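This report describes selected features of one protein model. Please examine the sequence and structure below before reading on.

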Amino acid sequence: MSGIVRPYGDTTGDGMVQLSFTLPVPHDKRAEGAAAQLAAKMGLDNAMIVHAKAIGAGHTFFVVYGAARHLVNLDEVEVVERDYPLLSPKEVNDLVKERLGRKLCVVGACIGTDAHTVGIDAILNIKGVAGEKGLEYYRELRVVNLGAQVAVPDLVNRALKEEADAVLVSQVVTQKDAHLHNTREMAAAFREALPPGKRPLLVVGGPRFDERAAAELGVDRVFSRGTTPGDVASYLVHRIIKEAAA
Ligand code: B12
């Protein structure tokens, strides 16, 4: 599909969107007027305040609904497409066994103060996610899941001890861009600890990452919302086996 599109609400091309935000003002009529003014400045025509609720004494949460003036050109959209084949667990296991000749070791963790382990567990734990089993299910993968709130030096030491082929880091909390700072710190620590060609593949994931940011963050790959263990296993095999063959 290509061409220009607008959001769809009641009728095709009416541009209707709904968005929510919080203003640091007590809930009263002036606050609702302020929300409407903000929506207009953001490019929404005839924005309606469909929900307004006080959050404590000095803040108000809003949901507004209005027609966006902006258009999207599908031809100008840039995304990271999967550039490797999606493999079944059996195909992954066979490739690792044949080409690597040993188990592929994956060390995973949530770093910094982040305690959201559900995402990394969905990728690593045998129970998996979305009907797919996690990496622990793959016979030829050896998974070391360090859990939550792992300090970067501890992650680096453990990855070295395990001779990890890949390090999988999850970051869910994005307050003050913590996910970006932590990822850069982690990538820098691995670069400091190991020469190029010796460091493990660095993979980061979480719902609010931009998949296009890998190079800028110093990692090999970024995975975002909706990632499945199969996506990750296929990527690891593609990269590690390709590098082993080179
Ligand atoms: C469950 C949850 C918790 C649980 C976590 C339990 C646990 N063991 O994980 C508890 C109650 C502990 C918690 C605490 C907090 N939480 Co909380 N929490 C959530 C919640 C409701 C769901 C997250 C989740 O489990 N998603 C399901 C998983 C499967 O999805 P996922 O993480 O996106 O993972 C997928 C992909 O992103 C990707 N992926 C993720 N990681 C990785 C890693 C790799 C390597 C790869 C390849 C892929 C990958 O693959 C996964 C599968 O598809 C979200 C809101 C929401 N609905 O998302 C808030 C949310 C994340 N929490 C939030 C907050 C603020 C907190 C607290 C700070 C609250 C507080 N004031 O105490 C604390 C922080 C604790 C801490 N130190 O980190 C905010 C974060 C806001 C922000 N901008 O950062 C959210 C968004 C809620 C909100 N709307 O405000 N939380």
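Which order do the five strands of the open sheet have, and is their pairing parallel or antiparallel?

## Basis of the description

The model is predicted; local features need pLDDT of at least 70, side-chain atom pairs count only at pLDDT 80 or more, and totals for chains, interfaces and linings use all residues. Residues are numbered from 1 along each chain as its sequence is written, and side-chain values use heavy atoms, with hydrogens and water left out.

## The open sheet

The order is β7-β6-β8-β9-β10, and the pairing is parallel. Strands and helices are DSSP runs numbered from the N terminus (strands: E, at least two residues; helices: H or I, at least four), and two strands pair if DSSP finds at least two bridges between them. At the edges lie β7 (141-145) and β10 (221-223), each of which pairs on one side only. On average, neighbouring strands of this sheet are turned by 20° against each other, direction ignored. Axes here are lines fitted to C-alpha atoms, for helices over the stretch in contact, and angles run from 0 to 180 degrees between N-to-C directions.

Five bridges join β8 (residues 166-170) to β9 (residues 201-205) in the parallel sense; V169 has V204 of β9 as its bridge partner. Helix α4 (residues 152-162) packs on the sheet and touches β6, β7 and β8, its direction making about 165° with that of β6. Contact means heavy atoms within 4.5 Å.

## The cobalt site

H116 is the only protein donor of the cobalt atom of the ligand, through NE2 at 2.2 Å. Donors are N, O and S atoms within 2.8 Å of the metal (3.2 Å for Na, K and Ca); water is not among the atoms, so sites may look incomplete. The loop between β6 (104-110) and α3 (118-124) holds H116.

## Helix α1

Helix α1 (residues 29-41) has buried residues A31, A35 and A39. Buried means under 20% relative accessible area, exposed over 50%, and partly exposed in between (1.4 Å probe, protein chains only). Seen down the axis of α1, these buried residues fall within an arc of 80°, so they line one face of the helix; the arc is that of the directions from the helix axis to the C-beta atoms. They pack against β2 (16-23), β3 (44-55) and β4 (59-68). On the other side of α1, K29, R30 and K41 are exposed.

## Residue S234

Helix α7 (residues 229-245) contains S234, which is buried, with a relative accessible area of 1%. Apart from neighbours within four places in sequence, S234 is in contact with Y84, P85, L86, L87 and V92.
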